[in-house]
Amino acid sequence: MKRYSIITEKNPREIVLLRGTGCKWKRCTFCDYHLDRSENEAENFALNAAVLAQVNGIYHHLEVINSGSFPELGEATIELIRKVCREKGITTLHFECHYLYRNAIAPLRERFAEAGVTLHIKIGVETFDATYREEILHKGISQTDPAKIAEGFDECCLLFGLSGQSVSSMISDIETGLVHFQRVCVNIMEENTTSVHPDTDVISAFIKDVYPLYQTNPRVDILLHNTDFGVGGPENE
Ligand code: SF4
């Protein structure tokens with residue numbers, strides 16, 4: 001699997017897909033990428049070290065994703081990331097984090113700030129429609145107020161292309177995200193091994209009426225395919 005890439009458009013950065021012990025939540029109905037995991041921390045560290053060795057600091061800006069949350073990466077990998085940041089002059093670093101780990105964010109920020117690195121923590125919200133999010137997607141965010149969800153987080157992911165969504169609901173989700181977060185990342189649902197399927201009518205509506213509104217917005221990333229950041233696909237792509 002391709003685990004290192006460089007994003008050259010909108011917020012240029014290097015990105016690495018690392019492996020941890022696995023998502024602790026695992027209950028999101030649409031997700032099967034939490035399968036990229038191993039209980040063997042030594043093997044995870046060896047893999048992560050090989051991936052991190054490719055980071056060159058070209059933009060002083062790195063995004064770390066791991067099919068889960070940063071605490072699942074393990075202490076050795078976190079420390080190695082800190083070392084790589086120091087050595088490669090990286091001053092801006094992104095991590096992913098589920099809502100259940102929100103209390104772990106402040107200590108991590110402090111730890112990286114000591115190394116001169118500003119953290120940007122991304123939460124998968126998927127939608128601010130709390131009923132849809134919790135009853136259908138089982139996201140595990142008990143809070144319904146977007147402002148409170150955003151406390152401690154800097155960026156959010158949204159998931160579009162699901163039955164029941166509409167042009168107005170998708171625009172409303174993006175606008176809410178832009179009010180409460182520095183950046184918004186839109187993912188479009190793709191077929192996977194779960195029982196949640198992409199709704200082609202909703203995706204067509206997104207591409208026709210929503211995508212053009214945000215395509216050039218520097219605060220909005222839009223992944224029409226989940227490998228658009230250049231990681232997660234086959235090695236030879
Ligand atoms: S929290 Fe993330 S990795 Fe875990 S099940 Fe949900 S979407 Fe998948």
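Predicted model: local features only at pLDDT ≥ 70, side-chain atom pairs only at ≥ 80, totals over all residues.
1. Two residues are in contact here if their C-beta atoms, placed from the backbone, lie within 7 Å.

2. For a sense of distance, P107 comes 27 residues away from L80 along the chain, and the C-alpha atoms of the two are separated by 17 Å.

3. Helix α1 covers residues 41–52 and helix α2 covers residues 75–88; their axes come within 10 Å and cross at roughly 15°. Angles under 35 degrees count as roughly parallel, and α1 and α2 are therefore roughly parallel to each other. Their crossing is right-handed.

4. Which residues of α1 and α2 meet? From α1 come N44, F45, N48, A49 and L52, and from α2 come A76, T77, L80, I81 and V84. Sorted by class, the residues of this contact are seven nonpolar and three polar, with no charged ones.

5. There is a second pair to look at, further along the chain. Helix α6 (residues 167–180) and helix α7 (residues 200–214) have axes that come within 10 Å and cross at roughly 30°. By the cut-off used above, α6 and α7 are therefore roughly parallel to each other. Here, too, the crossing is right-handed.

6. In this second contact, α6 contributes V167, M170, I171 and I174, while α7 contributes A205, F206, D209, V210 and Y214. By class, the contact of α6 with α7 has eight nonpolar residues, no polar ones and one charged.

7. Finally, step back to the whole protein chain, with its seven helices and eight strands. The C-alpha trace spans about 45 × 35 × 35 Å along its principal axes. How does the radius of gyration fit a compact globule? With 237 residues, such a globule would have a value near 18 Å, and the chain has 17 Å, which agrees.

8. Of the 237 residues, 36% count as buried. Among contacts with a separation of 6 or more, 80% are accounted for by residues 24 or more positions apart.

Methods:
Residues numbered from 1 in each chain as written. Axes fitted to C-alpha atoms, helices over the stretch in contact; angles between N-to-C directions. Helix = DSSP H or I, 4+ residues; strand = E, 2+ residues; numbered from the N terminus. Parallel < 35°, antiparallel > 145°, perpendicular 65-115°, else oblique. Left-handed = near helix turned anticlockwise from the far one by under 90°. Nonpolar A, V, L, I, M, F, W, Y, C, P; charged D, E, K, R; others polar. Rg over C-alpha atoms; globule rule 2.2 N^0.38 Å. Buried ≥ 20, exposed ≤ 12 C-beta atoms within 10 Å, placed from the backbone.
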